[in-house]
Amino acid sequence: MNTIILGIESSCDDTSAAVIKDGYLLSNVIAGQAVHEAYGGVVPELASRAHQQNIVPVVHEALKRADIQKEELSAVAFTRGPGLMGSLLVGVSFAKGFARSLGIPLIDVNHLTGHVMAHFIRTEGETPDEPDYPFLCLLVSGGNSQIILVKAYNDMQILGQTIDDAAGEAIDKCSKVMGLGYPGGPIIDKLARQGNPQAYAFSKPHIPELNYSFSGLKTSFLYFLRDRLKEDPEFIAHHKEDLAASLEATVVDILMDKLRKAAQQYQIKEIALAGGVSANNGLRNAFREHAARYGWKIFIPKFSYTTDNAAMIAITGYFKYRDKVFCGIDAPAYSRVSM
Ligand code: KG4
């Protein structure tokens with residue numbers, strides 16, 4: 001008998017549903033929310049309202065594209081946390097109601113675990129390229145910057161993480177200071193390709209062990225701009241490519257320094273990248289350079305799996321389903337939950 005999992009993701013500002021059959025992806029539908037652009041950041045109340053509008057059509061479309069009837073589903077997997085509470089509640093409530101009405105199990109998935117497990121999403125006709133356990137995963141998004149030792153889908157250890165801002169958050173805030181749009185990550189990435197990464201030097205943190213910090217970089221960037229703007233009010237407009245390239249290079253250096261240390265310390269050469277910032281070209285190039293220099297075997301996700309998506313929730317749900325790890329109808333959403 002086939003195992004068919006419906007995955008649901010609604011932790012931030014993307015409503016997504018995906019169908020996975022026996023470990024292979026059949027559909028992955030994502031509805032973004034342009035409503036936040038005008039505010040320069042995600043507005044939680046608007047996000048939950050948009051999820052409410054999107055959830056039914058998105059699930060309907062995911063089942064349609066997968067050519068699966070809801071009665072064929074084996075289980076419903078959903079993101080339980082971490083994320084925005086109002087956003088999570090829409091997906092969690094929908095998943096509970098849907099699973100209950102079909103009389104099938106419910107599977108709760110940690111959003112961060114989902115990002116890591118995106119490396120195991122298989123597509124028919126493509127040769128799987130998956131890391132072997134144990135591997136290290138650098139998870140970088142708007143809310144997290146972590147180095148994770150992945151021993152199994154259900155056995156992950158956070159070796160280091162940010163003590164303040166996440167890498168994506170720092171990039172987004174610097175981009176906002178420059179008067180660029182939201183989210184800043186993709187804009188900085190594009191501008192950086194035309195700039196000189198060595199044009200300016202920004203401060204790098206000295207944080208013990210394998211932890212990160214990005215708030216000092218943000219402040220250093222802000223003060224640097226403030227001083228230069230006094231001399232030339234058009235400084236940003238004249239130098240935005242160099243600013244973007246230097247900022248990106250600093251973030252990438254900070255991330256790779258600790259990752260290299262972790263790889264040495266744990267003697268692991270299978271290294272994966274995950275989360276929204278993994279779309280960044282500078283970071284992807286740094287991964288390739290490290291692979292060549294240190295003999296790492298690297299795993300870089302497809303662009304479609306870098307941002308929030310339900311395919312990563314469905315594949316994690318598939319692994320839990322095989323081990324019969326289900327949750328009850330009373331499982332609450334968590335805005336903060338560790339792996
Ligand atoms: O994982 P994600 O979609 O959402 C969560 O934070 O959970 O990550 C979003 C972050 C944002 O900070 C965004 O600016 C950043 O990922 N991002 C990028 C790029 N694309 C998205 N940062 C740098 N370069 C990119 N190309």
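Predicted model: local features only at pLDDT ≥ 70, side-chain atom pairs only at ≥ 80, totals over all residues.
## An exposed loop residue

At 66% relative accessibility, Glu209 counts as exposed, since the cut-off for that class is over 50%. Glu209 belongs to the loop between H5 and H6, and its phi is near 55°, a positive value in a residue other than glycine.

Pro205 also lies in the loop between H5 and helix H6 (215–231). Pro205 is partly exposed, with a relative accessible area of 30%. From Pro205 to Ile236 the separation is 31 residues in sequence and 24 Å in space, taken C-alpha to C-alpha.

## Backbone features

Most residues other than glycine have a negative phi, and most peptide bonds are trans. Asp22 has a positive phi, near 50°. This residue is placed in the loop between E2 and strand E3 (24–31), where Asp22 is partly exposed at a relative accessible area of 30%.

Two cis peptide bonds may be described next. Gly81 and Pro82 are joined by a cis peptide bond with omega of about -5°, and Pro82 sits in the loop between strand E4 (75–81) and helix H2 (85–102). Tyr182 and Pro183 are likewise joined by a cis peptide bond, with omega of about -10°; Pro183 is found in the loop between H4 and H5.

## A buried strand

Strand E9 (residues 270–274) is largely enclosed by the rest of the structure, because five of its five residues are buried. In a regular strand the side chains alternate between the two faces of the sheet. In E9 both faces are covered: Glu270, Ala272 and Ala274 are buried on one side, and Ile271 and Leu273 are buried on the other.

Which strands pair with E9? Strand E6 (residues 135–140) pairs with E9 in the parallel sense over four bridges, and within E9 Ala272 has Cys137 opposite. Strand E10 (residues 297–299) also runs parallel to E9, and three bridges join the two. Here Ile271 stands opposite Ile298 in E10.

## A buried threonine

Strand E2 (residues 15–21) contains Thr15. Thr15 has a relative accessible area of 1%, so it is buried. The side chain of Thr15 makes a polar contact with the side chain of His51, at 2.8 Å.

## Surroundings of the ligand

The ligand is surrounded by 18 residues, of which the closest are Gly142, Asp172, Asp189, Gly276 and Asn280. Domain 1 (4–127 + 305–322) and domain 2 (135–304) each supply at least three residues to the shell.

For Gly276, a polar backbone atom is 2.9 Å from a ligand oxygen. A backbone N or O atom of Gly168 lies 3.3 Å from an oxygen atom of the ligand, and for a backbone N or O atom of Val277 the distance to a ligand oxygen is 3.5 Å. On its own the ligand has 550 Å² of accessible area, and the protein covers 86% of that area. Helix H3 (111–117), helix H4 (167–177) and helix H5 (184–192) are the elements that give two or more residues to the shell. The largest share, three residues, comes from H5.

Terms used: Residues numbered from 1 in each chain as written. Heavy atoms only, no water. Near = heavy atom within 4 Å. Polar contact = N/O pair within 3.5 Å; in protein donor to acceptor, adjacent residues only side chain to side chain. Areas by Shrake-Rupley, 256 points an atom, 1.4 Å probe, with all protein chains shown as cover. Domains from an automatic or database assignment. Buried < 20%, exposed > 50% of the residue type's maximum accessible area, 1.4 Å probe, protein only. Pairing = 2+ DSSP bridges.
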